[in-house]
Amino acid sequence: MVQPAAVPGTPVRLRDAEQSLWLGSIRKNNKSQMTLIIMFLGLSLQTFARLEHLRLPALVLMLGHLATFGAKHRAAAKIEHAATDAEVRQHAHNAELACIVCRLLAHAATILLDTRNSTFLKMVTMWWMPIGAAMSSCEPTSYRLFLVIQNILVMLRCSSDWEAEVSWIVSTLVMDVYLLNWSNQQEDARQRRDELKQALSRLEAVAEETTASLFHRFCDATVHFKDDYEILLPAPRLSALLNIYQTQGRSFTSLVSNSDLQRFLDHMDVVNKQGEKEPHERELPDYIQVSLMDSFAKPVPVHIFIACFFGMDGKMSYFAGISESWRPPKVKHRKSKGRADLGTSASTDFAELSPELVDSSPNFGASPTTAKKPSSASRRFSP
């Protein structure tokens with residue numbers, strides 16, 4: 001099967017936008033998780049006496065971030081093979097719940113192991129964990145559940161000395177408000193993206209139906225294919241035209257005569273290049289005349305009209321109108337003036353002759369009584 005050249009101006013694949021969004025978010029989050037894992041590993045292995053109290057909490061935090069990293073990595077593998085947006089969001093939601101459990105368990109264990117009320121451990125559990133949870137959140141509901149349990153753990157941590165810990169409580173609550181607002185904005189953006197996908201999906205369907213309907217009315221056959229030239233829908237009129245049984249799933253280039261195949265591919269390259277341009281800058285070729293091979297390997301001369309547009313999957317979609325009976329209109333040429341002026345020198349207007357010739361010209365076959373008298377203009381110009 002002949003593959004067309006890659007189109008450099010291919011737009012973003014909106015149909016896979018949800019999948020790409022979650023994969024990108026998970027991979028970026030995993031990079032930051034790996035940085036934290038290395039940092040906590042270093043703290044758990046350090047030998048400084050003044051930092052000895054951080055070894056065991058750092059080990060717990062490292063294990064918690066490792067579990068979070070593993071949950072997201074497994075979710076990314078499932079999302080990459082998901083067929084629908086619903087499956088993508090389900091896998092992302094499951095990964096989010098697993099990460100919430102790991103973070104909360106790590107926070108609770110850190111509270112039990114932090115014997116010196118470390119400021120560093122407070123920053124990690126009260127600030128960094130909520131930020132990480134907000135970045136990987138796929139819906140506000142689960143994030144609200146995390147914040148409720150997270151704030152309960154913060155209250156338990158600060159219950160030993162409310163007066164000294166009030167600044168941590170207030171800063172945590174303020175940050176929670178901002179993070180929850182950010183999570184709600186992310187959810188609103190996802191809803192707007194879904195509405196946009198639905199609108200563009202309907203617009204794509206209308207464009208395909210309109211193009212197919214026009215070609216169906218004015219052409220002998222209509223074919224729909226993508227950039228791999230595989231015919232996507234049944235084409236019964238093409239089957240009747242070429243006397244072949246099966247058209248769907250067949251490569252359209254396999255039906256083109258070998259002598260015209262390269263010319264057809266060159267024509268499609270021109271169509272692709274014009275399709276990359278803005279609509280008002282496109283100059284699509286009108287048609288191409290090729291021969292299609294029927295079931296008896298006999299050429300059938302046809303004219304092919306190509307309409308193309310980008311689909312939501314980021315690939316060029318083509319509709320080909322095939323006409324066997326249509327013929328291009330004849331070009332009307334203006335008549336040459338030279339033919340209309342033939343004999344002009346021999347049939348010069350008699351009034352344009354000089355007066356002397358007019359007066360002296362013989363009047364053959366005219367009687368004296370009927371002979372034409374010189375006009376007053378002739379008499380005026382006679383010597």
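**Note on the predicted model: core, helix packing and loops**

1. Start with Leu292. Leu292 touches Leu238, Leu242, Phe252, Leu255, Val256, Lys298, Pro299, Val300, Val302 and Ile322, leaving aside residues up to four places away in sequence. Contact here means heavy atoms within 4.5 Å.

2. Basis. This is a predicted model, where local features need pLDDT of at least 70, side-chain atom pairs count only at pLDDT 80 or more, and totals for chains, interfaces and linings use all residues. Residues are numbered from 1 along each chain as its sequence is written, and side-chain values use heavy atoms, with hydrogens and water left out.

3. Overall figures. The protein has 11 helices and four strands. Helices (H or I, at least four residues) and strands (E, at least two) are DSSP runs, numbered from the N terminus. Of the 383 residues, 38% are buried. Buried means under 20% relative accessible area, exposed over 50%, and partly exposed in between (1.4 Å probe, protein chains only). Among contacts with a separation of 6 or more, 65% join residues 24 or more positions apart. The accessible surface is about 23200 Å², and carbon and sulfur atoms hold 60% of that surface. Areas come from the Shrake-Rupley method with a 1.4 Å probe; for residues, only the protein chains shown count as cover.

4. Core. Leu292 is among the residues with the most contacts inside the largest nonpolar core, alongside Val223, Leu238, Phe252, Ile304 and Ile322. That core has 30 residues. Two or more residues each come from strand E1 (221–225), helix H7 (236–242), helix H8 (258–275), strand E2 (288–293), strand E3 (299–310) and strand E4 (316–323). A nonpolar core is a set of buried Ala, Val, Leu, Ile, Met, Phe, Trp, Tyr and Cys residues joined through side-chain atoms within 4.5 Å.

5. Val300 sits in strand E3 and is buried because its relative accessibility is 9%. Val300 touches Leu242, Val290, Ser291, Leu292, Asp294 and Glu324, beyond four places in sequence. Its C-alpha is 9.0 Å from that of Ser257, 43 residues apart in sequence. Ser323 belongs to strand E4. At 2% relative accessible area, Ser323 is buried.

6. H4 against H6. Helix H4 (residues 119–135) packs with helix H6 (residues 162–218) at about 10 degrees, axes 10 Å apart. H4 and H6 are therefore roughly parallel. Axes are lines fitted to C-alpha atoms, for helices over the stretch in contact; angles run from 0 to 180 degrees between N-to-C directions. Under 35 degrees counts as roughly parallel, over 145 as roughly antiparallel, 65 to 115 as roughly perpendicular, and the rest as oblique. The contact includes Trp127 in H4 and Trp168 in H6.

7. H4 against H5. The axes of H4 and helix H5 (residues 140–158) come within 11 Å and cross at roughly 175 degrees. H4 is therefore roughly antiparallel to H5. Among the contact residues are Met129 of H4 and Phe146 of H5.

8. Backbone points to check. Which residue in the loop between helix H3 (85–113) and H4 deserves a look? Asn117 lies there. Asn117 is not a glycine, yet has a positive phi of about 55 degrees. Asn117 is partly exposed at 34% relative accessibility. Ala297, in the loop between E2 and E3, has a positive phi of about 60 degrees and is not a glycine. Ala297 is exposed, at 54%.
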